[in-house]
Amino acid sequence: MMTKPPTAIPFESIDPVLTPQGHRIRPLVDGRENGNAPGIEVCAGGLDVPGGFIANPHRHVETDVIVLVYECGDEGALTLFGENLEFEALQHRGDVLPIQRGWPHTVVNLSLTTPIRAYEFRSNRTVVVDNPLLPDLRAIAEDRGREFLTATHGRDVIERHGVGRCAPVPVGAR
């Protein structure tokens with residue numbers, strides 16, 4: 001049942017929400033009753049990932065995710081995934097990354113200066129739920145993220161920029 005006619009939603013028109021992972025996402029298409037597309041069974045978010053950022057490892061228990069990077073530095077957007085974050089996928093502008101529900105993962109912005117902007121599409125009604133953190137993978141995320149950042153920029157540059165650590169866990173995050 002259609003409850004609201006379709007309308008274009010500009011990226012900047014929705015304020016970002018701080019996620020448990022530590023980055024910001026804009027709930028661009030939100031199918032919850034109080035959302036901007038009530039009843040729709042898929043959702044879309046707009047990710048803002050700052051330079052040198054390493055997200056807190058997490059998984060999506062009940063939803064599949066597709067990430068479309070539309071803006072990033074030449075270094076790319078790195079996703080580490082797997083039970084020990086042992087796999088990696090590097091995305092550049094226009095690349096799409098499907099992440100099946102349940103996969104532990106984190107994102108690393110390999111650029112120190114250019115934010116990643118990406119669209120995240122999920123098979124549920126909203127992007128502001130279903131992100132349980134995996135604190136036991138935090139040290140692995142930092143080690144592997146720092147390894148890739150160092151390989152890209154060199155140890156001195158990484159130390160000077162103060163990157164290579166996961167984002168602080170927001171208050172109230174799981």
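How do the residues of the lining of the largest cavity divide into nonpolar, polar and charged?

A: The lining residues divide into ten nonpolar, eight polar and one charged, where Ala, Val, Leu, Ile, Met, Phe, Trp, Tyr, Cys and Pro count as nonpolar, Asp, Glu, Lys and Arg as charged, and the others, Gly among them, as polar. This is a predicted model, in which local features need pLDDT of at least 70 and side-chain atom pairs count only at pLDDT 80 or more, while totals for chains, interfaces and linings use all residues. Residues are numbered from 1 along each chain as its sequence is written, and side-chain values use heavy atoms, with hydrogens and water left out.

Rolling a probe the size of a water molecule over the atoms shows where empty space is left. A cavity is here a set of points, on a 1 Å grid over the protein atoms alone, where a 1.4 Å probe fits but cannot get out, and its lining residues have an atom within 4 Å of a point; grid points are joined across faces, edges and corners, and the volume is the space filled by probe spheres set on the points. The structure holds one cavity of 30 Å³ or more, and the volume of the largest cavity is about 170 Å³. Of the 19 residues that line the largest cavity, Leu47, Val67, Thr79, Val107 and Glu120 are the closest to its centre. Two or more lining residues come from each of strand E3 (43–49), E4, strand E5 (77–81), strand E8 (105–109) and E9, a strand being a DSSP run of at least two residues, numbered from the N terminus.

Glutamate 120 belongs to strand E9, which covers residues 116–122. Its relative accessibility is 6%, so glutamate 120 counts as buried, a label that means under 20% relative accessible area with a 1.4 Å probe and protein chains only. The side chain of glutamate 120 makes a polar contact of 2.5 Å with the side chain of arginine 122; such a contact is a pair of N or O atoms within 3.5 Å, of which, within protein, one must be able to donate a hydrogen and the other to accept it, and residues adjacent in sequence count only if both atoms are side-chain atoms. Beyond four places in sequence, glutamate 120 touches residues including Leu47, His60, Val67 and Val127, contact being taken as heavy atoms within 4.5 Å.

Six strands form an open sheet in the order E1-E2-E3-E9-E4-E7, with antiparallel pairing; two strands pair if DSSP finds at least two bridges between them. Its edge strands are strand E1 (17–18) and E7, each of which pairs on one side only. E2 then pairs with E3 over five bridges in the antiparallel sense, and valine 29 stands opposite alanine 44 in E3.

In strand E7 (residues 96–99), Leu97 and Ile99 make up the covered face, and Val96 and Pro98 the uncovered one.

Arginine 26, in strand E2, has a relative accessible area of 8% and is therefore buried. The arginine 26 side chain reaches the backbone oxygen of isoleucine 14 at 2.8 Å, and among the residues that arginine 26 touches are Ala44, Gly45, Gly46 and Asp48.

Two loop residues complete the picture. Isoleucine 54, in the loop between E3 and E4, is buried at a relative accessible area of 0%, and the residues it touches include Val107, Leu149 and Cys166. Leucine 85 sits in the loop between E5 and strand E6 (87–91); leucine 85 is also buried at 0%, and its phi is near 55°, a positive value in a residue other than glycine.

Technical notes: Helices (H or I, at least four residues) and strands (E, at least two) are DSSP runs, numbered from the N terminus. Buried means under 20% relative accessible area, exposed over 50%, partly exposed in between (1.4 Å probe, protein chains only). On a 1 Å grid over the protein atoms alone, a cavity is a set of points where a 1.4 Å probe fits but cannot get out, and a pocket is an open set with protein on both sides within 12 Å along at least five of seven lines; lining residues have an atom within 4 Å of a point.
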